[in-house]
Structure formats: structure tokens, C-alpha cells
Amino acid sequence: MKIQPIKFLPVIILLGIGIAFAFGLRNDPSKLASTMINKPWPDFTLERVIADQPAFSREDLHGKISLVNVFGSWCAACVQEHPMLMRLANREGVIIYGIDWRDTAEAGSAWLEKYGNPYRKVGLDANSRLAIDLGVTGAPETFLVDKNAQIRFKVVGPIDEKIWTEQLKPMIQLLQNET
Amino acid sequence: MKNQLTVILAILLFFGTAGFSFAVKPGEQLSDPKLEQRARTISKGLRCVVCQNQSIDDSDAELAGDMRKLVRERILAGDSDQQVKDFMVERYGNFVLMKPPLAVNTLGLWLSPVLFILIGVGLFWHVSRRKPQTKKPIDTDETEHRLEEVLNKMKKN
């Protein structure tokens, strides 16, 4: 019997589709590639969350490496992430600023009162103005900002031990050697 | 007959409204109907980044609402439709467009339908070109020769 290569075409096509799916379905669609990496932090003005503390502003980012964390009192994953942020701020000496996103100052400050405040400064972004400028799609999201207020890296979702030791910590060490 | 008509009318009305549903709140709308129409058209082309299969015009997500407001603000500030879209693309990437632009990394997406049509046409051509097999007349000499062989084998056994 003569083998006709054309008869194998459906099998080959099916295999191709299968392979494409095997790789494609592993991508998490909620994790968008950020277009903001290596761009300067946008200008913004935020309102106060904590009554007796000035709001987080762009000047705070100059001259130091910092993390900027997007959170909200409505955000369940932020509660999960919170102990990690507390540890980074208190024991690893990381400077963290907070953007209280789509929230009210009352709810935001009450939340920080309840779970502890890892942020050097906090600002309220009630109408997503800064969040949209940053390309934020959900909370928590954390930006790594260098000494020149440039965004260098973004973590979508909670920071865990693995992300801290394998990604953030080495990157912060690298950035410290930059001028 | 009259009852049937009522049922059909009810069904049409029910499904007809689906086409008109949108998430724009009355307070969000611009007072100028022309500008509002532009905002609606732009919003329909922008993806809600929370619920990714809806446009921000359809989506009830809070972030989509904030993005709709921002689209209207940009329009009021005098941006063209393209400038508003570029504003969002700058922040969220091409993904934010419901219809991805033709670029190097979307080439496969745009060309694969053409490729599949070509494969289909090729297959059709290949199959239809094939001539119906004409049966060869039986070669009596050969048949007899083979019959003899078989018979000989049987005899040996």
C-alpha cells in the first residue's frame, strides 16, 4: 500500500494545535506584560489616607530605591500579602510606599490600623487616576522604582517569599550599585 | 394566531434589549450627544483589563468605569479618538485594544485565517483533481498463472 502524505495532514494539524494549546493555556491572562517598565514614574497627586501624615508624592521617590504597593481595604489578596510587606519594611529595611486604590481614607486608614502600616507614606487614589497611569489591572501590584524615579520591575499579585528572594531582593541589590 | 404573535413579540423584545445593554451610568455621560457618541465608540474598542472579554463600554467593573470617565475627560480636553486610544495603549499595551493592530507579534493572528483558507483550497483542489480510477481489464494470462501457483502449493501440502 502506498502511503499518501496528505492523509497525515489532519493528524499533523491536530498535533500542532495541541502543542500550541499546551503552551498557550499555561499563560495567565491576568498577567499582562507591563508597558511601564523603564519608564519614569508618572506625575500624580494623591489625597491623604492617614489624617496627620502628608500624602505620598512623586518627590518621595527621588534618590532612593523603593517599592510602591497598590492596595485597598477591599482587597482580599492584600491581607494575604500584608505580613510579607510588614517584614520587608521592618526587618529588611525596604522603603515601601502605598497607593490606597479605589478606597476611602476612612476605610484605608482603618485597614492599616488593623493590620499594621508597612508604608513610609500612603496616598489615596479614589478614582484610579494614578492606577490607570501605571497600567494597574488589579490589587495588589507592586512597582520597583530606582533612584531616578524610574519603574524597573512590577510584581502582579501578592509578593511571596519566592518572589522576594529570587527576584526583588537581587534586583534591589543590583540597583543599589547604580548611580 | 394572536397568541403566537404575542409570544414572538415578547421574545424579540427580550433579546432585542440585549443589544442595547451597556454599563455607562447616566452620571458618566457627556451632555453633548456628539461627544458622548464618540466616547461610546472609543469605549467599545477598549478592553476592560479586569474582565478581559468585555469592552469597557460593556463592563461593570469599577476600573472599567474609571477608564470610561477618563476617556470622556480626554475627549473634553480636546483629544482626537486616536489620541485617546494611544493614551490607553501607552499604559496598558496593545492588549487594551479589542482589535489588535497588525504588528510583528500579531502577524500569526492576522494571517492564520488566510493560511487555513489556502490549506482548504489546496486540499479541495488536490481531491477534485484526482481522476476516478479506471479498472484495468483482467489479464487472463496472469490470472491463470497465479491460479496455477496456488494450486501447486496446495498440492505440495
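## A cluster of rings in chain A

In this predicted model, ring pairs join A:Trp41, A:Phe44, A:Phe56, A:Tyr97 and A:Phe143 into a cluster. Rings of Phe, Tyr and Trp (its six-membered ring) pair if their centres lie within 6.5 Å; planes under 30 degrees apart count as stacked, over 60 as edge-to-face and the rest as tilted. Over all chains, the structure holds 8 aromatic pairs.

## Two pairs to look at

Let's start with A:Trp41 and A:Phe143: their ring centres are 5.6 Å apart and their planes lie at 85 degrees, so this pair is edge-to-face. The pair links distant parts of the chain, 102 residues apart: A:Trp41 is in the loop between helix H1 (9-24) and strand E1 (66-71) of chain A, and A:Phe143 is in strand E4 (residues 141-145) of chain A. Both A:Trp41 and A:Phe143 are buried (under 20% relative accessible area, with exposed over 50% and partly exposed in between; 1.4 Å probe, protein chains only).

Now find A:Phe56 and A:Tyr97, a stacked pair with 4.9 Å centre to centre and 10 degrees between the planes. A:Phe56 is buried, with a relative accessible area of 1%, and A:Tyr97 is buried at 2%.

## Charges over rings in chain B

Here, the charged end of B:Arg47 sits over the ring of B:Phe95, 4.7 Å from its centre. That wording requires NZ of Lys or CZ of Arg within 6 Å of the ring centre and within 35 degrees of the ring normal. The charged end of B:Arg129 likewise sits over the ring of B:Trp125, 4.9 Å from its centre.

## Reading the numbers

Residues are numbered from 1 along each chain as its sequence is written, and chains are lettered from A and ligands numbered from 1 in the order in which they are written. Local features need pLDDT of at least 70, side-chain atom pairs count only at pLDDT 80 or more, and totals for chains, interfaces and linings use all residues, while side-chain values use heavy atoms, with hydrogens and water left out.

Terms used:
Helices (H or I, at least four residues) and strands (E, at least two) are DSSP runs, numbered from the N terminus.
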